[in-house]
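Hi there,

Here is the structure I promised to send you. Have a look at it first, and then read on for what turned up.

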Amino acid sequence: MRSKLAKKDAEVERLQNKRNHLVEEKNDLMAKIAQLEQEKQILESSQADHVAQMMLQETWRTSRQLQTKICTELNHQDVFFLSIQQALVEACPKSHYGDCSRFRNVSITGVQQICNVR
């Protein structure tokens, strides 16, 4: 009878040790879950901040594009007027006559500068 009692005591002690080990493992896992949830919350708030910042930046960029003139008129005294006029005349081959000959006497009345706002 004593040997049965000793076996039962050993069994109870083994089960208590196993239970204690499982409780410790459970506590470790619960701590890990809490840490991961906190990291998740930080990442979610960071992502929300990023989205808000991008929306603000997009609003700023769009408003800047709308404020920027896409075309600006160049002054007649600008060096580009003469250069563009000469380039147009030189683009017409000397061997061409008829309609092409009119371009040899072309005169620029205005030039607009196109701004890339992308």
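F80, I84 and L88 together make a nonpolar surface patch of about 270 Å². Please keep in mind that this is a predicted model. You can find I84 in helix 2, which covers residues 79-91. Is I84 buried, partly exposed or exposed? With a relative accessibility of 32%, I84 counts as partly exposed, because that class lies between under 20% for buried and over 50% for exposed.

**The protein as a whole**

Now for the wider view. The protein has three helices and two strands, and their order from the N terminus is α-β-α-α-β. The chain has 118 residues, and 4% of them count as buried. If you take the contacts with a separation of 6 or more, 60% are between residues 24 or more positions apart.

**A closer look at R104**

Where does R104 sit? Its place is in the loop that runs between helix 3 (99-102) and strand 2 (112-114). R104 has a relative accessible area of 23%, so it is partly exposed. Which residues does R104 touch, apart from its neighbours within four places in sequence? The contacts are V89, C92, P93, K94, S95 and H96. Take K94 from that list: R104 and K94 are 10 residues apart in sequence, and their C-alpha atoms are 8.9 Å apart in space.

Enjoy exploring, and write back with any questions!

Best wishes

Technical notes:
Residues are numbered from 1 along each chain as its sequence is written. This is a predicted model: local features need pLDDT of at least 70, side-chain atom pairs count only at pLDDT 80 or more; totals for chains, interfaces and linings use all residues. Side-chain values use heavy atoms; hydrogens and water are left out. Helices (H or I, at least four residues) and strands (E, at least two) are DSSP runs, numbered from the N terminus. Buried means under 20% relative accessible area, exposed over 50%, partly exposed in between (1.4 Å probe, protein chains only). Contact means heavy atoms within 4.5 Å. Patches are made of residues with over 30% relative accessible area and no salt bridge: like charges are joined within 9 Å, nonpolar side chains (Val, Leu, Ile, Met, Phe, Trp, Tyr) within 5 Å. Accessible areas come from the Shrake-Rupley method with a 1.4 Å probe; for residues, only the protein chains shown count as cover. A salt bridge is a side-chain nitrogen of Lys or Arg within 4 Å of a carboxyl oxygen of Asp or Glu.
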